[in-house]
Amino acid sequence: MNRDEYGFETLAIHAGQDPDALTGAVVPPIYQTSTYKQDGVGGTRGGYEYSRTANPTRTALEQCLAALENGARAFAFASGMAAEDCLIRTLCRPGDRVLIPGDAYGGTFRLFDKVLTTWGVQHAPVMQTDLEAVARAAEAQRPRLIWAETPTNPLLSIVDIRALAAIAHEHGALLVVDNTFASPYLQRPLDLGADFIVHSTTKYLGGHSDVVGGAVVIKDPSHAEALAFTQNATGAVAGPFDAWLTLRGIRTLAVRMDRHCANAARIAHALAEHPAVASVLYPGLPGHPGHELAKAQMRDFGGMVSFRVAAGEAAAVELCAKTRLFTLGESLGGVESLIEHPARMTHASTAGSPLEVPADLVRLSVGIEDPDDLIADLSQAVA
Ligand SMILES: *Cc1c(COP(=O)(O)O)cnc(C)c1O
């Protein structure tokens, strides 16, 4: 379909998802097959020969993701980390350097810190809210990539994608944006100058906490061949059922995100007034340092809220165990609300590093339940 003719919600439901040519099935079938009959040697039907290389259910997901991010192509993987690994190994060679966020997602930091360094790819953390620091680091280090996240996890800082793209391109680097927290409904980094997007589709895109997956979306079609090659050569692809579940989630992304944002905003305001809460980190609050920037580059402020507990670490840990509706668990972006203690859970791998997160921090993934119920649950836990 011609994506320029249609709005986001329409693309989420129809891009890559034409009714099945054979049966008319409205929902793309789960092509649960590893291989395909050839009509004579090399006579593939539609190019499918083996499901590591390509599978029609995965193709449907990849076409939909490319449309939603306004990219040239998308590639679907078994996890967000697999997507990141494939992209980095496609673009970087031993000796290359990558500037990463000073508050990067813990798993991304671990990939650079523990795996990629042993293969000669170096990384340097820089707080990307400080654009001058990024420019200085780019000048000094001549990185191959600038790797960005916005909003960041778990501190919910907002970084200026347009400005980062300008710095990257001025220094001969490419800009990668991890768009997991915003989702393409709230933010489209390629339109703001980024070269690549990575997603953990496990989060908002899948949206129901029932599947792990990842994606890379590219802006320039000239990168397609190299990425497809590494994806096939290393093989961490999304399986057909995982691709199907992710696509099923994507169809309701827009309506889910609207509710995630509305609920998160109400909770952020409620927490901000609570005496047991030292500070609330939510870009939708007017006092947040990235508020104006978030307004300019995002459709809304997202469903993640972090806050610092005035009484400190022990109280933060205790609070996480006291909620009844907010489930204590890692991950985010599902319809159900989750609570966690980043320093001991998702971001434990950053302990002792420059990326260490505050011990009194609690992170919420605000779901789409009744917001009054969510606020009541937090109030009894914080009390
Ligand atoms: C979860 C997450 C990842 C990793 O994705 P997986 O699907 O868990 O492998 C990467 N970036 C961000 C921002 C995440 O939240």
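Author: A salt bridge is a side-chain nitrogen of Lys or Arg within 4 Å of a carboxyl oxygen of Asp or Glu. The model is predicted: local features need pLDDT of at least 70 and side-chain atom pairs pLDDT 80 or more, while totals for chains, interfaces and linings use all residues. Residues are numbered from 1 along each chain as its sequence is written, and side-chain values use heavy atoms, without hydrogens and water.

Reader: How many salt bridges are counted between domain 1 and domain 2?

Author: The domains, whose bounds come from an automatic or database assignment, are domain 1 (3-250) and domain 2 (255-382). Between the two domains, the number of salt bridges is zero.

Reader: How many residue pairs are in polar contact across the interface of domain 1 and domain 2?

Author: A polar contact is a pair of N or O atoms within 3.5 Å; within protein, one must be able to donate a hydrogen and the other to accept it, and residues adjacent in sequence count only if both atoms are side-chain atoms. With both residues at pLDDT 80 or more, the number of such pairs across this interface is 14.

Reader: What area is buried between domain 1 and domain 2?

Author: Buried area is the accessible area (1.4 Å probe) that two parts lose on being put together, summed over both. Carbon and sulfur atoms give 63% of the area between these domains. In domain 1, Y185, L186 and Y204 lose the most area to domain 2, together 25% of what that side buries. The area buried between domain 1 and domain 2 is about 3000 Å².

Reader: Which residue has a polar side-chain atom 2.6 Å from a nitrogen atom of the ligand?

Author: Of the 14 residues around the ligand (a heavy atom within 4 Å), G80, D178, S200, T202 and K203 come nearest. An oxygen atom of the ligand lies 2.9 Å from a polar backbone atom of M81, and an oxygen atom of the ligand lies 2.8 Å from a side-chain N or O atom of K203. The residue at 2.6 Å from a ligand nitrogen is D178.

Reader: Where is P151 placed?

Author: T150 and P151 are joined by a cis peptide bond with omega about -5°, and the bond from N153 to P154 is also cis, with omega near 10°. Most peptide bonds are trans. Helices (H or I, at least four residues) and strands (E, at least two) are DSSP runs, numbered from the N terminus. The place of P151 is the loop between β4 (145-149) and α6 (161-170).
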